[in-house]
Amino acid sequence: MKFSTNKEKGNAGLGIAIAYYSTNGYTVSIPLNDTQDYDLVVDKNSCLKKVQVKATSCKTKYNKYQVALKSCGGTLGKTYKTIIDTDIDELFIVTDAMDIFIIPIKIITKLIINSFLGAVLLYVINIVGTVCGLHIGINVVTALVVGILGIPGAVLLTVLAIFI
């Protein structure tokens, strides 16, 4: 699937999301305007979920898809809201290769918060570790390890730093 403009990308993503949820037994409702944080409301077994839809054709230098977890607008494309600031339950992502990812917002929020806390924990470990020459680099990878694994992740990185 090829997107010529962001508007086409957004419309295609929304159409694919509607088709996906409809064919999987959900009742799909579309808001009357676009001033809310979500693009769809889906209902299955009396459980309502607010869904934000993102479509992407953008790839990293490692040929992996990426999607902006923010909303931009205006002539300058200024960011006016990030995914954490929104009132949604799920993020529906579709790529131009028709790969679909549905991520509960709680997972994204938890990962971001835990990664930040992980970086703080690594900073504290580095301060205490200066006494014995221990240093763990603080970067995206180490923050995510601690963010995903929590304290066991910090212990793992500390053990690796000591023995490697």
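Close-up 1. Two packed helices are described by the angle between their axes and the distance between the axes. In this predicted model, the axes of α3 (residues 140-149) and α4 come within 5 Å and cross at roughly 140 degrees. Axes are lines fitted to C-alpha atoms, for helices over the stretch in contact, and angles run from 0 to 180 degrees between N-to-C directions. Helices (H or I, at least four residues) and strands (E, at least two) are DSSP runs, numbered from the N terminus.

From α3, Thr142, Val145, Val146 and Leu149 meet residues of α4, among them Pro152, Ala154 and Leu157. Contact means heavy atoms within 4.5 Å. The residues of this contact divide into 8 nonpolar, 2 polar and no charged. Here Ala, Val, Leu, Ile, Met, Phe, Trp, Tyr, Cys and Pro count as nonpolar, Asp, Glu, Lys and Arg as charged, and the others, Gly among them, as polar.

**Close-up 2. Threonine 158 sits in helix α4.** This helix spans residues 151-163. Threonine 158 is buried, with a relative accessible area of 17%. Buried means under 20%, exposed over 50%, partly exposed in between (1.4 Å probe, protein chains only). A polar atom of the threonine 158 side chain lies 2.7 Å from the backbone oxygen of alanine 154. Leaving out residues up to four places away in sequence, threonine 158 touches Ile125, Leu134 and Ile136.

**Close-up 3. Asparagine 126 belongs to helix α2.** The helix runs over residues 105-129. Asparagine 126 is buried, at a relative accessible area of 9%. A polar atom of its side chain lies 2.6 Å from the backbone nitrogen of isoleucine 136. Residues up to four places away in sequence aside, asparagine 126 touches Leu134, His135, Ile136 and Ile138.

**Close-up 4. The largest nonpolar core has 11 residues.** Among them are Phe3, Tyr21, Val42, Ala55 and Val94. A nonpolar core is a set of buried Ala, Val, Leu, Ile, Met, Phe, Trp, Tyr and Cys residues joined through side-chain atoms within 4.5 Å. A second, separate core of 7 residues includes Leu122, Ile125, Val146 and Leu157.

**Notes.** Residues are numbered from 1 along each chain as its sequence is written; side-chain values use heavy atoms, leaving out hydrogens and water. In this predicted model, local features need pLDDT of at least 70, side-chain atom pairs count only at pLDDT 80 or more, and totals for chains, interfaces and linings use all residues.

Technical notes
Polar contact = N/O pair within 3.5 Å; in protein donor to acceptor, adjacent residues only side chain to side chain.
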